[in-house]
Amino acid sequence: MCGIVGYVGNGSSVEVLLGGLKRLEYRGYDSAGIAVLDPRGELAVRKHAGKLGILVDELDAVPLSDGPTGIGHTRWATHGGPTDANAHPHLGDDGRLALIHNGIIENFAELREALLAEHPDTVFTSETDTEVAAHLVGNAYRASGDLTEALREVVQTLHGAFTLLVMHKDLPGVVVGARRNSPLVIGLGEGENFLGSDVAAFIEHTRNAMAIGQDQIVTITPDTVTVIDFDGNPVAPEAFTVEWDASAADKGGWSSFMAKEVTEGPDAIANTLLGRVVDGEVRVPELEVLDDELATIERIVLIGCGTAAYSGLLGKYAIERWARVPVEVELSHEFRYRDPVLNDRTLVVSISQSGETMDTLMAVKYATAEGARTVSICNTQGATIARESDAVVYTHAGPEIAVASTKAFHAQVTALYLLGLHLARVRGTLAADEAAELIAELSGLPEKLASVLEAHDSIRELAHWMTDARSVLFLGRHVGYPIALEGALKLKELAYIHAEGFAAGELKHGPIALIEPGQPVFVIVPSPRAEDSLHAKVVSNIQEIRARGARVLAIAEQGDAAVLPYADVVIPIPLATTMFEPLLAITPLHLFAMELASAKGLDVDQPRNLAKSVTVE
Ligand code: M6R
């Protein structure tokens with residue numbers, strides 16, 4: 001939540017900052033603001049409530065005198081509503097210092113009280129937790145004349161999670177940043193350097209990046225990058241090259257990022273498999289360091305939030321079936337606070353597209369402290385969760401910009417299947433021919449998924465008929481159940497319609513009371529031809545709801561004759577082994593939620609109240 005960008009160099013900082021904020025806007029879009037040092041050495045600030053476009057229009061109408069030093073921020077409101085006054089940057093040192101922040105300063109009220117006791121004339125102009133940090137750094141700089149030291153002194157007093165960037169009127173060509181439990185990366189240019197919440201902030205300018213570790217402070221000038229820890233010791237940051245380029249983070253002619261990303265599902269699966277199937281066997285090189293432990297672990301706990309947690313539910317089915325290890329799936333925020341039983345025979349696998357979700361990060365840290373081994377499944381190079389884990393299996397979905405997670409879900413499920421097959425090989429729990437069949441089918445899934453995307457037009461039509469729906473239910477059984485949950489999440493998130501996913505077997509234990517004439521119900525129907533199929537049971541569930549007047553929207557295997565008489569609409573998917581059906585069945589539901597939201601005139605990339613990376617608890 002909140003996107004941060006910093007720039008020092010030889011170009012136009014307004015242009016660099018606005019370009020960076022545009023790419024970071026998925027992180028928060030309640031307000032946006034920039035501060036630049038103009039050519040006369042004056043600190044100029046512009047900020048506005050609402051989406052970045054409002055600030056851009058204002059800057060077009062009344063341009064700023066530009067200079068090559070600046071910081072920019074796009075906000076997801078925590079303390080104080082989305083107003084102009086609460087927008088960042090905030091000022092310290094009598095308006096000579098500008099500061100932006102991502103995270104939450106938990107002890108801001110005590111700090112503010114102490115500050116006012118010492119400097120009663122301090123004027124606060126916002127309701128944010130951030131402004132106190134701006135005043136504190138301003139005061140510390142006034143005392144020492146050293147901005148890096150001033151920031152270092154202040155971060156020692158802050159509790160919570162934060163990335164802070166500061167610049168000062170006296171220091172053209174200098175931006176200083178600090179991070180604790182919140183992301184910050186460096187972009188290295190020629191005669192210019194960048195800071196950003198993630199590499200998207202500067203990908204237009206450079207793919208050469210450096211990760212900043214936990215509790216570190218970075219000072220950039222156009223030609224230097226210096227990193228120290230909170231104790232002042234020098235640190236050598238880890239360099240990496242960003243795997244994708246600016247075009248991957250563009251809409252590329254699509255109406256929305258989400259529309260583009262849904263269609264990238266097949267590539268997300270294929271790229272996540274790449275290099276991990278060797279001679280017909282699954283070998284995940286990143287996991288090999290842990291192979292001895294993987295052979296003897298007694299239990300796996302999969303943690304994540306939202307869509308990532310639903311991918312974990314699918315991982316449970318696959319890993320238990322193939323590797324015969326007990327697997328639990330838990331929401332990261334519940335896991336950490338319930339005193340779970342963990343030891344060195346427990347493998348905790350975190351799943352996160354951003355790799356920055358605070359609830360998941362804290363759960364990983366908790367698991368490590370309790371002695372568990374940790375693996376992260378992550379889509380963002382150099383992300384904090386990846387760095388905090390014993391091993392990381394990167395998903396290669398490419399940048400996901402739309403707030404709603406789609407192709408990352410496909411990549412996460414694929415990575416979990418790879419983990420299951422890797423574990424099965426290490427533990428010798430799956431016959432070689434069975435493993436080979438699964439791997440061959442998994443490798444063929446991108447093609448099948450591409451054929452599911454051909455139903456887009458008919459799904460759009462269905463969505464247009466349903467713009468008045470007030471509630472939509474989703475039913476699934478076995479691996480169809482997580483798909484029902486994910487389908488419902490997307491509809492809530494994008495179309496603001498009440499939606500719930502149920503395990504179809506649970507219907508008679510309560511939810512069937514919700515069915516009344518006309519109630520739309522999506523049903524994920526297993527293939528009648530797949531092994532151990534629960535097809536007949538789900539068809540019975542369809543009959544039960546149909547008998548009570550439900551409008552049945554079935555996602556079923558192409559040509560499933562048993563469903564046709566009872567369904568109002570059938571969205572066909574190709575035949576797949578039970579375990580792989582969900583990767584095909586979810587896409588119609590992603591498309592449906594997107595199209596229904598579009599038909600209602602809603603912004604599918606930036607749904608209300610949400611942000612892409614949830615970096616606060
Ligand atoms: O970055 P993460 O994968 O950790 O994010 C987890 C959830 O916040 C995320 O999947 C969220 O539920 C999506 N917006 C759902 O579409």
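The lining of the second largest cavity has eight nonpolar, no polar and no charged residues. Here Ala, Val, Leu, Ile, Met, Phe, Trp, Tyr, Cys and Pro count as nonpolar, Asp, Glu, Lys and Arg as charged, and the others, Gly among them, as polar. The model is predicted, so local features need pLDDT of at least 70 and side-chain atom pairs count only at pLDDT 80 or more, while totals for chains, interfaces and linings use all residues. Residues are numbered from 1 along each chain as its sequence is written, and side-chain values use heavy atoms, with hydrogens and water left out.

**Cavities**

- The structure holds two cavities of 30 Å³ or more. A cavity is a set of points on a 1 Å grid over the protein atoms alone where a 1.4 Å probe fits but cannot get out, and its lining residues have an atom within 4 Å of a point.
- Grid points are joined across faces, edges and corners, and a volume is the space filled by probe spheres set on the points.
- The second largest cavity holds about 30 Å³ of space, and its lining consists of Leu473, Leu475, Phe502, Leu507, Pro511, Ile515, Val521 and Ile545.
- The largest cavity has a volume of about 60 Å³. Among its lining residues are Cys2, Arg75, Trp76, His101, Asn102, Gly103 and Asp129.
- By class, the lining of the largest cavity has two nonpolar, eight polar and two charged residues. Its largest share, three residues, comes from strand β6 (residues 97-105).

- Helices (H or I, at least four residues) and strands (E, at least two) are DSSP runs, numbered from the N terminus.
- Six strands form an open sheet in the order β5-β6-β7-β8-β12-β13, with antiparallel pairing. Its edge strands, β5 (90-92) and β13 (225-229), each pair on one side only.
- From one strand to the next, the twist averages 20 degrees.
- Two strands pair if DSSP finds at least two bridges between them. Strand β12 (residues 216-220) is joined to β13 by five bridges, and Thr219 stands opposite Thr226 in β13.
- Helix α5 (residues 147-155) lies across β6, β7, β8, β12 and β13, at about 160 degrees to β7. Axes are lines fitted to C-alpha atoms, for helices over the stretch in contact (heavy atoms within 4.5 Å), and angles run from 0 to 180 degrees between N-to-C directions.

**His422**

- His422 is found in helix α13 (residues 407-427).
- His422 is buried, with a relative accessible area of 0%. Buried means under 20% relative accessible area, exposed over 50%, partly exposed in between (1.4 Å probe, protein chains only).
- Not counting residues up to four places away in sequence, His422 touches Val282, Arg283, Val284, Leu287, Glu288, Asp291 and Leu294.

Terms used:
On a 1 Å grid over the protein atoms alone, a cavity is a set of points where a 1.4 Å probe fits but cannot get out, and a pocket is an open set with protein on both sides within 12 Å along at least five of seven lines; lining residues have an atom within 4 Å of a point.
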